[in-house]
Amino acid sequence: MSTLLIYTHPNHQSLNYAMMQQAIRGIRDHHPDEEIQIIDLYADEFNPALVFNEHKQRRDMHIDPELNTYREQILWADRIVFVYPIWWGRPPAMLLGFIDRMMASGFAYVYRKKGDLTPEGLLKGKSVVCISTMQGPAGYLQLWLNNAHRVLMRRALFNYIGIRQVKFFEFGSMESPKGKHERKLNKVYHYFRTAH
């Protein structure tokens with residue numbers, strides 16, 4: 001199996017970074033020879049702005065040369081692990097911009113016939129794990145926001161592009177000294193240590 005980690009946090013001293021390191025450690029302890037690649041969007045200074053003009057046409061997004069390496073990494077991966085904070089009930093604008101630019105028609109999905117109501121997802125067979133942290137309690141997303149984060153990521157994105165196997169870790173109260181950080185870090189490690 002090959003794993004691509006997409007890390008979206010501006011600070012490498014963050015709990016998100018520690019979560020990513022635990023995922024890597026779990027993978028290495030389970031399958032020492034497994035191939036791992038990392039996309040660090042802030043370190044890459046990725047431009048999340050979606051631009052259409054006379055030089056950049058929407059129909060050409062799937063062949064944008066600026067994104068060639070990222071497309072190759074996504075196609076290469078059997079499993080994609082997203083690590084990010086929840087800000088304002090959703091992933092950071094940096095990650096949403098990455099999704100806007102990357103998941104283009106012709107690369108992530110395609111309409112086979114004119115008039116089709118739903119497209120064919122082109123990234124079938126891959127699995128996704130979303131690891132997210134937030135300041136508020138974990139139940140905030142489910143109870144107050146009607147599960148908006150999972151609906152956005154699973155239904156509006158991953159299912160649309162053909163990915164059906166999606167696992168979520170949504171860790172709340174992460175800025176509290178009672179946030180049980182070590183237990184949550186261990187949970188990430190043990191998942192990847194035992195995942196097939």
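## A pair of buried rings

Let's start with two phenylalanines: Phe 46 and Phe 98 are both buried. Keep in mind that this is a predicted model.

Across the structure, the count of aromatic pairs comes to 10. Phe 46 sits in the loop between strand 2 (35-40) and helix 2 (68-76), while Phe 98 belongs to helix 3 (residues 93-102), so the pair ties together parts that are 52 residues apart in sequence.

Which of the two counts as buried? Phe 192 is buried, because its relative accessible area is 1% and the cut-off is under 20%. Tyr 191, at 24%, is partly exposed.

## Charges over rings

Lys 167 lies over the face of Phe 169, 5.0 Å from the ring centre. Over the ring of Tyr 189 you'll find the charged end of Arg 25, 3.9 Å from the centre.

Now for Glu 170, which is part of strand 7 (residues 165-171). Is Glu 170 buried or exposed? Its relative accessibility is 12%, so Glu 170 counts as buried.

What does its side chain touch? A polar contact of 2.6 Å joins it to the side chain of His 149, and another, of 3.2 Å, links the side chains of Glu 170 and Arg 150.

Methods: Residues numbered from 1 in each chain as written. Predicted model: local features only at pLDDT ≥ 70, side-chain atom pairs only at ≥ 80, totals over all residues. Heavy atoms only, no water. Helix = DSSP H or I, 4+ residues; strand = E, 2+ residues; numbered from the N terminus. Buried < 20%, exposed > 50% of the residue type's maximum accessible area, 1.4 Å probe, protein only. Polar contact = N/O pair within 3.5 Å; in protein donor to acceptor, adjacent residues only side chain to side chain. Phe/Tyr/Trp six-rings, centres within 6.5 Å; stacked < 30°, edge-to-face > 60°. Lys NZ or Arg CZ within 6 Å of the ring centre and 35° of its normal.
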